[in-house]
Amino acid sequence: MKLAITGKGGVGKTTLAALLARTFAARGRAVLAVDSDPSPSLARALAFPDELLEELRPISEMDELIAERTGAQPGAMGSFFTLNPRVDDLPERFSALHDGVRLLEMGSVDSGGSGCICPESAMLKTLFTHLLFRDDEVLIMDMYAGVEHLGRATVDFVDALLIVVEPTRRSLATAAQIRRLATDIGLERCSLVGNRIRDPEDLAFLEREAFLPVLGHLPEDPAVVEADRRGESAYALAPRLREAAGRVADAVVEAMPAGN
Ligand SMILES: Nc1ncnc2c1ncn2[C@@H]1O[C@H](COP(=O)(O)OP(=O)(O)OP(=O)(O)O)[C@@H](O)[C@H]1O
Ligand SMILES: [Mg+2]
């Protein structure tokens, strides 16, 4: 099962990604969490200890490896390179594992010019498209905020796009834009997840304005900030969020075609 989590800046994408990753891991599934934000924060949300953070190297910085696997110099435009570099050993080599969640950071993938399929993005896309996932594996991608990256069709291989929204018109407007782009790249399975729900009015607003199925919602909970300051995960420190994430996970699985 491959999920991408997207939405307007600051709506809680990373918070939801971390909660879902821990939820699926606790259910015994093999979880690969991918931070595709060029300024990564998922490791912190998952409370990865410092020594593991040091082990992590963004795969986009693997210049030599990219050159070796794709046959092109990184960043070189217009050069020929193999479109299907061998990638199946990458998650093991460049990721770190903590609390049952394997984490990979993509780093910044600079396309180096419009319309250029540079070797780095060929590599990244191959990694997630052709990687043989185990049957019980769950890929959770924490996406870069906003919409531009979707234009590069970096996520057209996912099974579902979860768009995080706060109960505000602004975050719903961004969600609508994301949905349009997703449709353009042929990604039909999109849904909303509400975040920072404070009261029944927030929920009613969201349900009234929603233009996609709402898979669930997370409450506003100051324990998220508390967890961050203490270097712990919201999963460990915020039972209300943990329970809410469990319900979102159930709904995600429910909405999947059989076999996921
Ligand atoms: N349910 C919640 N209750 C309280 N605070 C929350 C909640 N969800 C997120 N936050 C807080 O909101 C801020 C943004 O959350 P988060 O980093 O998850 O958003 P994001 O969408 O990943 O942001 P970015 O676009 O910068 O990647 C964080 O400080 C986080 O602690
Ligand atoms: Mg984030």
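## Helix α1

Helix α1 is mostly covered, with 13 of its 14 residues buried; buried here means that 20 or more other C-beta atoms, placed from the backbone, lie within 10 Å of a residue's own, while 12 or fewer makes a residue exposed and anything in between partly exposed. Helices (H or I, at least four residues) and strands (E, at least two) are DSSP runs, numbered from the N terminus. The model you are looking at is predicted, with local features needing pLDDT of at least 70 and side-chain atom pairs counting only at pLDDT 80 or more, whereas totals for chains, interfaces and linings use all residues. Residues are numbered from 1 along each chain as its sequence is written, and chains are lettered from A and ligands numbered from 1 in the order in which they are written.

From its first C-alpha to its last, α1 reaches 20 Å, close to the 20 Å expected for its 14 residues at 1.5 Å a residue; the expected span is 1.5 Å times one less than the number of residues. After α1 comes Gly 28, with a positive phi near 85°.

## The chain and its core

The protein chain holds 12 helices and eight strands, and 43% of its 260 residues are buried. Of its contacts with a separation of 6 or more, 73% join residues 24 or more positions apart, a contact being two C-beta atoms, placed from the backbone, within 7 Å.

In soluble globular proteins, nonpolar side chains tend to be buried together. The largest nonpolar core here has 63 residues, and those touching the most other members are Leu 3, Ile 5, Leu 20, Ala 21, Ala 33, Leu 46 and Ile 140. Helix α1 gives the most to this core, with eight residues. Such a core is a set of buried Ala, Val, Leu, Ile, Met, Phe, Trp, Tyr and Cys residues joined through C-beta atoms within 7 Å. Leaving aside residues up to four places away in sequence, Leu 20 touches Ile 140, Ala 245, Val 248 and Ala 249.

## Helix α12

Helix α12 covers residues 239-255, and its 17 residues reach 24 Å from first C-alpha to last, close to the 24 Å expected at 1.5 Å a residue. Leu 241, Ala 244, Ala 245, Val 248, Ala 249 and Val 252 are buried in α12. Seen down the axis, the buried residues of α12 fall within an arc of 150°, so they line one face of the helix; the arc is that of the directions from the helix axis to the C-beta atoms. Pro 239, Glu 243 and Glu 254 are exposed on the other side of α12.

## Around ligand 1

Which residues come nearest to ligand 1? Of the 19 around it, they are Gly 12, Lys 13, Thr 14, Thr 15 and Ala 145, where a residue is near if its C-beta atom, placed from the backbone, lies within 6 Å. At least two residues of this shell come from each of α1 (13-26), β7 (190-197) and α10 (223-230).

By class, the shell has five nonpolar, eight polar and six charged residues. Ala, Val, Leu, Ile, Met, Phe, Trp, Tyr, Cys and Pro count as nonpolar, Asp, Glu, Lys and Arg as charged, and the others, Gly among them, as polar.

## Loop residues to look at

Most residues other than glycine have a negative phi. Ala 47, in the loop between α2 (42-45) and α3 (50-55), has a positive phi near 60°. Ala 47 counts as buried because it has 22 C-beta neighbours inside 10 Å. Asp 99 sits in the loop between β3 (96-98) and β4 (101-105), and its phi is also positive, about 50°. With 15 other C-beta atoms within 10 Å, Asp 99 is partly exposed.
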